[in-house]
Amino acid sequence: CDDINECLTNNGNCSQNCTNTIGSYTCSCTAGYLMSVDGKMCDDINECLTNNGNCSQNCTNTIGIYTCSCTAGYLMSVDGKMCDDINECLTNNGNCSQNCTNTIGSYTCSCTAGYLMSVDGKTCDDINECITNNGHCSQTCTNSIGSYMCSCSIGYHLSMDGKACVDANECTKNNGNCSQNCTNSIGSYMCSCTAGYQLNVDNRTCRVLPTIPPTSPALLVNDTAVGDPLYAVPLLLNISNPLNGPSLCYEVHGRANTTFNLVSDVCTSVNALYSSTVRPLYNDTMNVITKIGILAKDSSGSCQQIQVNLDGCAALVNGAPLTGSYLMNNVGVRMFGDRVRVSVPNCGNPNLVAWVVCDQQLGVNMIRFVISRGLNLRPTSHGIIGQFWNIPIQIAPYAGGAKDLYVITVNPADGNTRRFIGRQYGLTWDFSHQVCYYSGNAQGGRSGLGTPDDTVIEGTYKDYITSGLYSSNFGFTQFGGCQ
């Protein structure tokens, strides 16, 4: 008898492998399958059911086989079963703009101090710390990329905490560079001088005040008088060693929207309109000259009206705007940008020459009225400036006060003698190096420094009010009129 190879017929009805034997045969299954109870059919084995197929993470069964896989943030190892962590920070810093921190299976982006994570979780945006409570700086906060800095104004220094500003006592270092006295104040300091000395224009050093011999005769003369809220009239001292350009200085701040007479002579009258203006440097207001009106008698006897306005330093002659210059019957007006030169006969020769200057003093735009020569005032002339021209005076040390106080006696022709105290300074209010005798209060009145205490100007400043720029009527008018 010969053996029948059952495997040759329909694979012995085995679903997978058929193995013939002498007188029989067997069915078997490939790896991943299990023989069923009929001995012929092979059923799939789900390896994932046993110990997760030895996969460290994901096990996926398929017919006859299975696969291991890893979640995001992991990479399959070479054994095909174990998952190793991926360090995302090693590749392009994990796309983090600043700090990347790897974690098991993931990573995080973070920002350094001064930055804030944006909504994408990767980009860091600068934090402007100055927006919130000024960065806790007591004065100035300056933002920078990723940080900020506190700083202090002049006169302060930053404290150890880097935020608070404390006063810097400048006097503790080299006496604040003051040659004599240094006085500290919050955020600043001030130099001053002892009696007999005057602070120089540098506001640091002191110089000896010149002294005037007792009862020195002097004369107020017609040369370079300056009139604005602070007036300066030059003195001619009849002594063997005269001072260099001393002046009598006094203040007339006037009244807002009111016209005052500066000079009243037989043939010339000069009025000034005062207006209120803000002084940003001092956070207050003051009255300054904003218009000048000159009424002049020309060589033909006719009246000429000359006006200069602070706005644009524009000039008008007899109501008509001036574009360049004007010259007729010995009256001349010429514009020079920020100033206007005016020349009028004033019933004499040479002409009275005055400058109307539009500039800034003490941080305020104002007009300065400057008489440069030829006023030729008579003893009876008047006005806030005019009353002092060619008037004999005497200056003597004040016996009852400091060395810088002097008694000034004014002897006008009408016999109305006035005596008041002036304080000697080594420079005028505009910081020129002229010696100046400051007298009176803010309206040319009494100084209040002691006796004698007459007003500096005759009467009161209200006696010099006029009704308009070309009005020649006021308490002490001298204008003789014209056609």
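A residue is called buried when its relative accessible area is under 20%, exposed when that area is over 50%, and partly exposed in between, using a 1.4 Å probe and the protein chains only. The structure is a predicted model, in which local features need pLDDT of at least 70, side-chain atom pairs count only at pLDDT 80 or more, and totals for chains, interfaces and linings use all residues. Residues are numbered from 1 along each chain as its sequence is written, and side-chain values use heavy atoms, with hydrogens and water left out.

The protein has 40 strands and zero helices, where strands (E, at least two residues) and helices (H or I, at least four) are DSSP runs numbered from the N terminus. Its C-alpha trace spans about 175 × 55 × 30 Å along the principal axes, and 42% of its 483 residues count as buried.

Two asparagines stand out in the backbone. N92, in the loop between β8 (83-85) and β9 (99-103), has a positive phi near 55 degrees, and N92 is exposed, with a relative accessible area of 59%. N174, in the loop between β16 (165-167) and β17 (181-185), has a phi near 55 degrees, which is also positive, and N174 is exposed, at a relative accessible area of 59%. Most residues other than glycine have a negative phi, and most peptide bonds are trans. The peptide bond from T451 to P452 is cis, with omega near 5 degrees, and P452 belongs to the loop between β39 (436-439) and β40 (465-466).
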